[in-house]
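Trainee: Please walk me through this structure before I start work with it.

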Amino acid sequence: MSDPTLVRALEHRATTLRKHILTMASGGQQIHIGGSMSIAELMAALFFHFLQVEDGERPRDHFILSKGHTIHTFHACLAELGKIETGEFSTLGQLGTRLAGHPSLKAPLVEFATGSLGHGLSVGIGIALAERLDGSSSRTVVLMGDGELQEGSVWEAALCAPRFGLTNLLAIVDRNGFQASAAVDRILPLDPLEEKWRSFRWNTQVIDGHDMEAVVGALERFPAEEGPTVLIADTVKGKGVPSLEGRARAHFTTLTEDEVNETLTTLEVE
Amino acid sequence: MMLGFEWAFAQGKVLTEMAEKNPDIVLLSQDIGSFRPFSKRFPERFFDVGISEANLIGVAAGLAHAGKLPFVMAMAPFVSMRAFEQLRTDCGYNRNSVKIIAPCSGLEGGYWGPTHHAVEDLALLRMIPGMTVLCPADPAEASRAVRAAAEVDGPVYIRLGYIQPIEGYPEAFEVGRAVVIREGSDVAILATGASVTQAIAAHDLLKGQGISARVLNMHTIKPIDREAIGAAAAEIGPIVTVEEHFVAGGLGGAVAEVLAELGAGRLRRLGLEDQFIVEVASYPDILKLAGLDAPSIAAAARSMLD
C-alpha cells in the first residue's frame, strides 16, 4: 500500500502537468496532445517520485522518451522541476527556443533526442549495460507508446534485454489504444500484448495508468529479482480533455478556448 | 574461395590490446564471430546481440551515451542499410561515438550475390553529419584505422573489403590524409579499399605502356582529402576514381564534388553503374564484369589520355 499523502501529491502534480499542456495546446498551437495527456500520471510518478533526475544521493537515473512526440509532458515536468519558466511554453517551435516538438538536446534534462519511433528501447539497453558494467545502482526507464510497438526494432530490443538479464531496465508502454490516424486495433492489433512481453521473458505488469496508487505501487515493485520489467499502462488518449478522450482527433490538434475552459473546470473538480 | 573476413577477425586481437589499456572499450557483434581473444579476456565487455542490426546500433549508441567506447562488428551490407536510421539519429544526431567495423563490403560477398554486396554504404554513411568514413587498403592499415577510430571524437565507419597485404606500404596513417602510394605524372588513379591493390597493378601495366600513373590510396572517404584531389587535378589533370561501390555517392561522387567546386581536373569514375551485379561469379570474375580489375582500370586511365 503506497503512502496516501504521496499518492495525493502526485495526483495533484499530474493535474498541474495537464494544465501546463493545455496552455501549450491553446492559442492555435497544434501539438501531440492526446499522448501527452495520457502519460500525465506516469510522468508525475517518474519525475516527482521514482527517478533521480540529477546526480544526488544516488547516481542519476536515465529516462528515454521513446514516444518522442509527447515531449510536452516532459516540458511540463521541466517547469515543475524549476528547470524552465512556464512563460517559455509559448516559445514552443519558435526560432531560438529550447522547446521542440520532439526531445531536443537543447532542452534541459533531455538525455537522448528521439522522435522516430522504435529507437528508445535499444538505447536503454545500451545504457543499462554500461551502468551495470560500472557497478552503478542507476536505473534506466524507457517510455514507449502502444502504436510504437508496431516497429520491428522494438521486438529486437525486447528479445535482447532478457538475454543480458537487465534487471536495471524498466520499459513502460502507454497503452492509450490510439495511433496517429485511428485506433491501434483498427490499424494493426497488438493483442495479446501482455502474453507477448511475458513470452519474451519480461517481468510484466498491467496497470491502470491513471490510477496513481497503482502506478506508484508498480514502480515500487521494481526491480524484479531477475531480468527487465515492463509496465503496460492502460490509459485514455487525451485524458482530462472531455472533447478528446478516446478519439482519434486527440493525436495532434489545438484546443479552442471553450475546450480549454471545459477541461479546466473538469480538472478543478478532480 | 576464402573471403577477406579474416582481417575483420584479426581486429579482435587489436581490440584486445586496446581494451587492456582502455577499460571503456566494449565490443558488440551480430553473430559474425566470437572475436577471441577479446571475448575470452573480457567476457563481460563482449555482447553478441544476434541478427538484429537496428537493435545493435541502438544498443551501441546507448553504451556510448553512458560513457563506454563501443566497437561494433557488423556485416557492411546489412548494418549500413538496415540500421541506417540508428546510425544517423542515434549516433550522428545524438553525437554518440560508436565505431563500426564492417566486413563484407564492396563486392567481397562475391557469388553470395547482390544481397551481400555493400555498394552504397559509402554514400549512405558519408551523408551523416559527424560521421568519419574509413576504407583501409590493406590488413595492416585496417588495424591502424581501428586504432585511429578510437581517437576520433565521433562515430566512425570502417569499411573492410577483400583487402590483401600491400608490399612496402607506408606505416603512417592519418585520418583524412590520402597516401600517394605510387608516383606518376600522366594520370592520377584515386582508389579506395581493395581497389587500391588493383590500382597498383594497373600502375604497373601502364608503366609497361609508357604511361606514368600516380596512385592515391583514398583510405578516408570522409572527411575527403581535398588537398590531395586538388593537387592531382592541378599537377596532373586527368583523374580516375576506382571503388567497389556505385559510381554515385561514394569515392567517385566525393571527388566529383571537390573537382566541380575547384573547377579543376577531368574525371572518370569506375565502379558499378546504375545496376546490380546479377551474374553469379567469383570475386575476381565480378571485378572483371564490373570493370574494376587492373586491366580495366589501366584501359580507363589510358583512355583519359586520348
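**Loops, sheets and contacts**

Trainee: Where does Pro37(B) lie?
Mentor: Pro37(B) is in the loop between strand 1 and helix 2 (38–41) of chain B. Helices (H or I, at least four residues) and strands (E, at least two) are DSSP runs, numbered from the N terminus.

Trainee: What should I know about the model and its numbering?
Mentor: The model is predicted: local features need pLDDT of at least 70, side-chain atom pairs count only at pLDDT 80 or more, and totals for chains, interfaces and linings use all residues. Residues are numbered from 1 along each chain as its sequence is written, while chains are lettered from A and ligands numbered from 1 in the order in which they are written.

Trainee: Back to the proline, then. What kind of peptide bond joins Arg36(B) and Pro37(B)?
Mentor: That bond is cis, with omega about 10 degrees. Lys222(B) and Pro223(B) are also joined by a cis peptide bond, and there omega is about 0 degrees. Pro223(B) sits in the loop between strand 10 and helix 9 (226–235) of chain B.

Trainee: How is chain B divided into domains?
Mentor: Domain 1 covers 5–159 and domain 2 covers 179–303; these bounds come from an automatic or database domain assignment. The centres of the two domains of chain B, taken over C-alpha atoms, are 26 Å apart.

Trainee: Sheets next. In what order do the seven strands run?
Mentor: The order in chain B is 2-1-3-4-6-5-10, in an open sheet with mixed pairing; two strands pair if DSSP finds at least two bridges between them.

Trainee: In what sense do strand 4 and strand 6 of chain B pair?
Mentor: Strand 4 (residues 99–102) and strand 6 (residues 156–159) of chain B pair in the parallel sense, over four bridges. Ile101(B) has Ile158(B) in strand 6 of chain B as its bridge partner.

Trainee: What about the sheet of five strands?
Mentor: That open sheet of chain B has the order 7-9-8-11-12, again with mixed pairing. Strand 7 (179–182) and strand 12 of chain B each have a single partner strand, so one side of each is left without a neighbour in the sheet.

Trainee: Why is strand 11 of chain B described as largely enclosed?
Mentor: Strand 11 (residues 238–246) of chain B is largely enclosed by the rest of the structure because eight of its nine residues are buried. A residue is buried if 20 or more other C-beta atoms lie within 10 Å of its own, exposed if 12 or fewer, and partly exposed in between, with C-beta atoms placed from the backbone.

Trainee: Which strands run parallel to strand 11 of chain B?
Mentor: Strand 8 (residues 187–191) of chain B pairs with strand 11 in the parallel sense over four bridges, and Ala191(B) has Val242(B) as its bridge partner. Strand 12 (residues 266–272) of chain B also runs parallel to strand 11, joined by six bridges. Pro238(B) stands opposite Arg266(B) there.

Trainee: What hand does the β-α-β unit have?
Mentor: Strand 11, helix 10 (residues 251–262) and strand 12 of chain B make a right-handed unit: with the strands pointing away from the viewer, the path from the first strand over the helix to the second runs clockwise.

Trainee: Changing topic: how many residues of chain A and chain B are in contact?
Mentor: 19 residues of chain A contact 23 residues of chain B. Helix 5 (120–133) and helix 6 (152–163) of chain A give two or more residues each to the chain A side. The largest share, ten residues, comes from helix 5 of chain A.

Conventions:
Two residues are in contact if their C-beta atoms, placed from the backbone, lie within 7 Å.
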